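Work through the two exercises below with the sequence and the model at hand, and try each task before reading its solution.

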Amino acid sequence: MPIAILKPQAATPAAAAADADSDSDPDSPGGVDIRNDVSVGGAKQRRAMDADDILTPGTIITSNPHGHGTYFAPSTQSITSSLAGTLTKTNKLLSVRPLRARYTPEIGDLVVGRITEVQAKRWRVDVAASQLAILQISAINLPGGVLRKRTETDELQIRSFFSEGDLVVAEVQQLHQDGAASLHTRSLRYGKLRNGLFVSVSGVGGGGGVVRSKRQAWTMDGANAAGRIDLLLGVNGYIWISRHVDGDVAAEAAGINRMEESVSGGVYSSQNDAIDVPTMREIARLRSVILALVENGVRVDEDMVRRGYMEAVEMAREYDADDLYLGGEKGVRLAAILAGR
């Protein structure tokens with residue numbers, strides 16, 4: 001049977017318009033503006049977009065200078081999101097902040113970690129990073145503040161200092177080429193954690209949660225006849241809330257070069273002290289405040305925690321029973337008060 005080849009004919013204007021609507025160019029720089037100067041998406045995504053909208057991997061952004069979480073798509077000058085997160089802009093630099101990400105250590109960060117492994121001369125510490133941190137036995141204070149080189153006897157007694165499961169507060173001292181961090185506890189402020197409650201939230205890697213601030217550790221007065229309470233906001237998102245223990249006056253008055261001389265053998269004790277019930281309730285209330293802040297996307301720092309705690313105490317007086325739970329509508333109300341809405 002013969003095959004007839006027909007002459008090509010030009011498409012009608014109506015058909016061309018329909019094809020253009022159905023096959024929009026994914027690399028088109030069209031879209032709407034975020035903060036009036038950032039275009040996001042293609043022609044089909046023309047809608048009112050807020051700066052808090054979540055971008056998905058593959059979303060076309062613009063041809064502006066790009067930062068973390070973005071890349072140039074092949075054979076195009078359009079910036080494409082490589083992460084699921086929110087768009088942030090610094091001057092003309094665009095970046096995508098991930099919803100959740102591992103903590104990236106930086107020198108000088110105050111972190112709370114958990115001992116996961118004991119080795120010959122060091123401990124491996126979980127600090128919510130992509131790799132376990134390292135705490136060398138030479139980076140801690142020996143009981144009694146003895147200043148000497150660590151010996152084989154110290155290595156044999158390494159579990160008497162820290163063992164698996166212990167919580168420690170330390171400072172990032174050094175970063176290695178593979179990204180692992182080295183910690184140290186050579187200060188009276190650092191060491192083993194006792195008499196408190198551990199809370200895990202998001203760190204500075206992505207999303208809401210703990211942010212870097214001037215003070216990551218402070219002491220505050222508890223309400224309802226409770227004692228003083230210590231808070232440690234680890235930059236990595238690990239938080240420690242504990243009963244305040246009055247330090248040695250002589251130790252606090254010692255010079256920075258003589259701090260190790262004031263270290264007592266009790267700093268490595270794993271025995272918790274007795275805590276009165278009012279203080280335990282206020283520690284639990286502070287935990288609820290922090291979780292409510294994270295759940296509603298409010299940053300966690302000293303100012304917000306103090307204000308949130310005072311508002312939570314006032315909110316509890318509105319009910320007959322002192323309910324420590326701040327989830328659901330209570331958490332939304334607390335976040336709205338702190339945001340000034």
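**Exercise 1.** Find the bridge partner of isoleucine 115 in strand 9, and then follow the pairing onward to strand 10.

*Solution.* The partner of isoleucine 115 in strand 9 is valine 125, where strands are DSSP runs of E with at least two residues, numbered from the N terminus. This is a predicted model, in which local features need pLDDT of at least 70, side-chain atom pairs count only at pLDDT 80 or more, and totals for chains, interfaces and linings use all residues. Residues are numbered from 1 along each chain as its sequence is written, and side-chain values use heavy atoms, with hydrogens and water left out.

Next, strand 8 (residues 110-118) pairs with strand 9 (residues 122-126) in the antiparallel sense over four bridges, pairing being counted if DSSP finds at least two bridges between two strands. A hairpin of three residues links strand 8 to strand 9.

Finally, strand 9 also pairs with strand 10 (residues 133-136), antiparallel and over four bridges, and there tryptophan 123 has leucine 135 as its bridge partner. Six residues lie between strand 9 and strand 10 in their hairpin, and alanine 128 in that turn has a positive phi of about 65 degrees.

**Exercise 2.** State which helix gives the most to the lining of the largest cavity, and with how many residues.

*Solution.* A cavity is a set of points on a 1 Å grid over the protein atoms alone where a 1.4 Å probe fits but cannot get out, and lining residues have an atom within 4 Å of a point. Helix 5 (residues 302-316) gives the most, with three residues, a helix being a DSSP run of H or I with at least four residues. The lining includes Arg285, Met315 and Tyr319.

Methods. On a 1 Å grid over the protein atoms alone, a cavity is a set of points where a 1.4 Å probe fits but cannot get out, and a pocket is an open set with protein on both sides within 12 Å along at least five of seven lines; lining residues have an atom within 4 Å of a point.
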